[in-house]
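Okay, everyone, thanks for coming. Let me put the structure up on the screen, and then I'll walk you through the side-chain contacts.

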Amino acid sequence: MRPGSPAAWWHRVSGPDGPVRGESPVVTYYVLLVATFMLLFIGLMMVYSVQSVSSAASGTNSLVAYAKYLVFAVVGVVGMLTVSRARMSTLKKGAWWVMALALILQCLVFVPGVGIDIMGNSNWIKLPGGFTLQPSEFIKLGLCLVLGRTAWKHAADMRGGVRSWAETKPFLLRVGVPVGLGVGLVLAGGDMGTSIIIVMAAFGALWMAGLSRRWFVGVGSLGLLGFAVISTVKTSRRARITAWLNPDGSDPLGLAYQPNHARYALGTGGLLGVGPGGSRQKWGYLTQADSDYIFAIVGEELGLVGTVLVIALFVAVAWCCVRIMRRSRDRFSVVTAAGLMTWIVGQALVNMCVVTGLLPVLGVPLPLISAGGSALIAVLGGIGVLLALARHEPGAEEALSARAGSVRRTLSVITPRRRNRA
């Protein structure tokens, strides 16, 4: 079977898990790193394009406002690279600490004078220097790590279904409590979109953990029922769904305003777009153009080519996650990678579906591209965990160390030569 042929590719997809002879052990690491930096570059470019206009409209300095966002980007990249060097034992030990800290910060959103309410969503807290923090973003990261650790340490509770209360009790404590606390606290703050993403990440992790299908059917049915009840109780949510189901009959200056202008932006972009910085919809027509609806600005300024590039980069991230799950022998790596993939790539899919009108408005950002310091740092932290898992694929650590050693040897030869020539 010739390497790289369709038959070899299909054999790898449908064949058994584990490393395959001839495969490079460092492909996952480098592809994930390149895809992440490309998405981050596109995001920084698009955020500046939008914020330069919004800052001018408000009479503020666009560079000062953008510099604050760059601080989050730099912190996130440094954190990502730091986490990528972590050992597996460190990730496992730190899982509950990350989750506990995120839940404590989420509780602060309900403290008067600390929590901030934005358009009915009370999921932010004040920070010194005029910054804000959205703790719910870090709940996603903590939950993926906790579920991975639980699946690694208590594999028996995750397999074969639960048939008695003796088996149900430890399962509920180890899985149900962190998921329930995370979703409950975020829902209490009024953020249904983030709650849905948290549930998606939990389902992705638990599916790879080997949880029985009966659990997914039962919990999924209850979740859909709860979603329907919460959506119909609150008037604004019910109106959003109604506007999505009947876009032509909705008020074009009301609930249909954002979705309509998002489609105008995508349609204006055409194949190649109007060029970076040339968007018309960002001039006060499309609100939240730098956050929830930034994918529409990507389509307007970079065209169909730009949107396809963004989609392809997220597909590359998903491919890297699947490769980690296929090649890793550690159960923690498999389950954690599944949760992170469902969170990052699933949230990207949800955001793009909302912008294109395939889903009702949910209010979730596009990972690595939308403005939002908390979301950016949390996602880069999740990418850092994936990079750490990729470094621990069979043979990857040795190959990366060998390449780093060859680079150091090359530099040690080049530097004296440069000095001698000088």
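So, aromatic pairs: the count comes to four. Keep in mind that this is a predicted model. Take Y48 and Y66: their ring centres are 4.9 Å apart and the planes sit at 65 degrees, so we call that pair edge-to-face. Y48 is in helix α2, residues 27–58, and Y66 is in helix α3, residues 62–84, so the pair ties together parts 18 residues apart in sequence. Are the two tyrosines buried or exposed? Y48 is partly exposed, at 32% relative accessible area, while Y66 counts as buried at 11%. There's also a cluster, where ring pairs link F203, W207 and F216.

K92 lies over the face of W152, 4.0 Å from the ring centre. K92 also makes a salt bridge with D330, with the closest N and O atoms 3.1 Å apart. D330 sits in the loop between α11 (294–327) and α12 (331–355), and K92 is in helix α4, residues 88–107, so this one ties together parts 238 residues apart in sequence. And K92 is buried, with 11% relative accessible area.

How many salt bridges does a search of the whole structure find? Five. One of them is E137 with K140, at 3.0 Å from N to O. Those two are three residues apart in helix α5, residues 136–153, which puts about one helical turn between them. E137 is buried at 1% relative accessible area, and K140 counts as buried at 1% too.

Then there's E301 with K282, closest N and O atoms 3.3 Å apart. E301 is in helix α11 and K282 is in the loop between α10 (257–269) and α11, 19 residues apart. Both E301 and K282 are buried.

Two bridges join β2, residues 121–126, to β3, and I125 stands opposite L133 in β3.

Last bit, the annotation. The unreviewed UniProt entry lists "transmembrane region" for several spans, including 95–116 and 334–362. In the model, 95–116 is 59% helix and 9% strand, with its end C-alpha atoms 27 Å apart. For 334–362 it's 76% helix and 0% strand, and the ends are 29 Å apart.

How values were computed: Residues numbered from 1 in each chain as written. Predicted model: local features only at pLDDT ≥ 70, side-chain atom pairs only at ≥ 80, totals over all residues. Heavy atoms only, no water. UniProt positions renumbered as here; feature names shortened; annotations may be inferred. Helix = DSSP H or I, 4+ residues; strand = E, 2+ residues; numbered from the N terminus. Pairing = 2+ DSSP bridges. Phe/Tyr/Trp six-rings, centres within 6.5 Å; stacked < 30°, edge-to-face > 60°. Buried < 20%, exposed > 50% of the residue type's maximum accessible area, 1.4 Å probe, protein only. Lys NZ or Arg CZ within 6 Å of the ring centre and 35° of its normal. Salt bridge = Lys/Arg side-chain N within 4 Å of Asp/Glu carboxyl O.
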